[in-house]
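Subject: Handover of a structure for your study

Dear colleague,

Please find the structure below, together with its sequence. My notes on what was found in it follow directly after.

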Amino acid sequence: MSSHSNGVGFVEVALFVAGPASGIFVYQSIQAKYRNRKARYMPERDVSRAVTDMAITDEFTGRATVENSSIAGRNEATPAVRAKFSKVTKD
Amino acid sequence: MSTEEFLPTGGASEPAQTPPPLAAAEPAAASPLPLPVTDPNAPQIIATPDGGGDGVNRCARCGASDVTYNAATAMFVCGFCRNQWQAMALDAAMGLSEGIDKLHGTVMTTAAVDIEDQGALVTLHCDGCGSDVVIDTNQNLRARCHWCKHELSLNNRVPNGAVPDGILPFTVTKEQAMANIAAFVAERKSFAKAEFSTSFRPENVMGVYLPHMTVDGNIAARLDGVGEILESTYTDSDNDTHYRIRKFSLMRTFKVAIDDVVVASSFDKVNIRSEISTNNIINAILPFDVKNIARFNSNFLGDTYTSERRDMDISQAESYAGDHFLTIARASVAPTLGDYDRGVRWEAEQVQIVGSRWTSVLLPVWLYGFVEQTKKGPVTHYMAVNGRSGATMGSVPINTGKAAMVSWSVAIAVSAVTWPLAIIALIASR
């Protein structure tokens, strides 16, 4: 078993959680299929656009060692979810 | 991370542009209302071509007013002499796909101007017999004169916003819509609420023209965020994985010309996160082929369809369009992020609307509604079919007791297998 020498290991925790998690998964799957709460218009996919004058500035800020497999708060694939700071102005 | 005032170069300093010239468009000479523009800072209004006048619309060949729209041929047909003619394509007539990157300020078409009067009743003078006929514009935009039986139509802008610039006629038939909705519900029978299942009658689906605005946007955008690139990984003695990464500060500035974002223009439908109505369902059957929108003519409505009146002005719909612009801006930079294999976190997103162009339109939706009584109050569930593409979406009320029971059963069944294994593993590890 893959466990820490003096505590409850990942496999044990996973086995305990598997039952309740599967129940929650089934309930949420039913909600998603019947209610479609996340269904929405997708202008990012459906609206034609022409992008011009793209200026790209990428500055290296440092190296680090982390334990997460991807960046915290990753949101480049969810364009409809607003960023922490969001603003629309009129000219 | 910089979140200072957004000042991308470009857009703001561009000189004001006049709207594109009307292609084959005549001034709205028959419009019953003047559209005074005296303030130089006021929105620019581009005239929608003449809608054929209000009141009795006669066949050009025989003068009869019994005109219907044939969706199969996309032609109007005179019920008396069978003369046929085509509706005017609004996009081509008004050049609505042109000059988006030159838009400056707010530009709107004739029927997209602010609502001046919330009264739903409009009186039309029948020039067949001289009597006055009242139309309830909350429900329809045409009526039959009760004296001489002429068809009377509202085709040009009225103060209450009921008459749009354009309309996209239904091409999906009621039979197709019924089949789509029935198939959608058939896939969701197991956990549907009993009241819904017993009362479900697909033949009750209604063809409704819902008010929307199509919006072109000339925007400047700026995004600020953080991106990470993976250099290497290693696993420590506890079997935990560590990731050596390089971090970058990202900024993107760019311009986007956006062609035809669609925004609902009735307060009832515009909020897709409503607690009392599943408006997101109607929202989800977009897009429509808005390039095929025709100049509005109430003969499109016929006897089969109803229409809903616009009750929002551009100033009230702007925030929704702005939200779509932000979404499009975020999606537009995706091709520039290829190196960031650990992903990007956008922390600030800003859009400056240099110019926008608004057109009031009616879009065709087959709609089925069911009101569920919940502890928090009634919730309206919609099933909707796009009247052009047939795209179908719906919200089916759930028998939550049954869904919970099945979920608990699955949880207990899985736990009955995994918990003894977990206990054995726990004992073995000590």
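Gly105(B) stands opposite Gly355(B) in strand E16 of chain B. This pair belongs to the parallel pairing of strand E6 (residues 105-109) of chain B with E16(B), which extends over four bridges; two strands are said to pair if DSSP finds at least two bridges between them. Helices (H or I, at least four residues) and strands (E, at least two) are DSSP runs, numbered from the N terminus.

Before going further, please note that this is a predicted model, in which local features need pLDDT of at least 70 and side-chain atom pairs count only at pLDDT 80 or more, while totals for chains, interfaces and linings use all residues. Residues are numbered from 1 along each chain as its sequence is written, and chains are lettered from A and ligands numbered from 1 in the order in which they are written.

E16(B) covers residues 344-374. Of its 31 residues, 25 are buried, so the strand is mostly covered; a residue is buried if 20 or more other C-beta atoms lie within 10 Å of its own, exposed if 12 or fewer, and partly exposed in between, with C-beta atoms placed from the backbone.

Which strands pair with E16(B) in the antiparallel sense? One of them is strand E12 (residues 206-235) of chain B, joined to E16(B) by 22 bridges. Within this pairing, Ala221(B) has Val351(B) as its bridge partner. Another is strand E17 (residues 377-386) of chain B, which pairs with E16(B) over ten bridges. Here Val365(B) is partnered by Asn386(B), and the two strands form a hairpin with two residues between them.

Parallel partners include strand E11 (residues 166-167) of chain B, with two bridges to E16(B); Ile167(B) stands opposite Leu362(B). Strand E2 of chain A also runs parallel to E16(B), and six bridges join them. In that pairing, Ser86(A) stands opposite Glu349(B). As a general point, the side chains in a regular strand alternate between the two faces of the sheet.

The two chains

Chain B has seven helices and 18 strands, and 47% of its 430 residues are buried. Among its contacts between residues at least 6 apart in sequence, 74% join residues at least 24 apart. Two residues are in contact if their C-beta atoms, placed from the backbone, lie within 7 Å.

Chain A has two helices and two strands, in the order α-α-β-β from the N terminus on. Buried residues make up 20% of its 91 residues. Its C-alpha trace spans about 60 × 45 × 20 Å along the principal axes. The radius of gyration of chain A is 22 Å, whereas a compact globule of 91 residues would have one near 12 Å; this radius is taken over C-alpha atoms, and the globule rule is 2.2 Å times the number of residues to the power 0.38.

Where the chains meet

How many residues does each chain bring to the contact? Chain A gives 71 residues and chain B gives 89 residues. On the side of chain A that touches chain B, helix H1 (10-35), helix H2 (43-46), strand E1 (48-66) and strand E2 (85-90) each supply at least two residues. E1(A) gives the most, with 19 residues. By class, that side of chain A has 30 nonpolar, 21 polar and 20 charged residues; Ala, Val, Leu, Ile, Met, Phe, Trp, Tyr, Cys and Pro count as nonpolar, Asp, Glu, Lys and Arg as charged, and the others, Gly among them, as polar.

E1(A) is joined by 16 bridges to strand E13 (residues 241-264) of chain B, and the two run antiparallel. Ala55(A) has Thr253(B) as its bridge partner.

Tyr243(B) also lies in E13(B). Is Tyr243(B) buried or partly exposed? Tyr243(B) counts as partly exposed because 18 C-beta neighbours lie inside 10 Å. Leaving aside neighbours within four places in sequence, Tyr243(B) is in contact with Thr65(A), Val66(A), Ser69(A), Leu230(B) and Thr233(B). The C-alpha atoms of Tyr243(B) and Leu230(B) are separated by 6.9 Å, although these residues are 13 residues apart along the chain.

Finally, H1(A) packs against helix H7 (residues 400-429) of chain B at an angle of about 170°, with the axes 7 Å apart. The two helices are therefore roughly antiparallel. Axes are lines fitted to C-alpha atoms, for helices over the stretch in contact, and angles run from 0 to 180 degrees between N-to-C directions; angles under 35 degrees count as roughly parallel, over 145 as roughly antiparallel, 65 to 115 as roughly perpendicular and the rest as oblique. The contact of H1(A) with H7(B) has 21 nonpolar, six polar and one charged residues.

Yours sincerely
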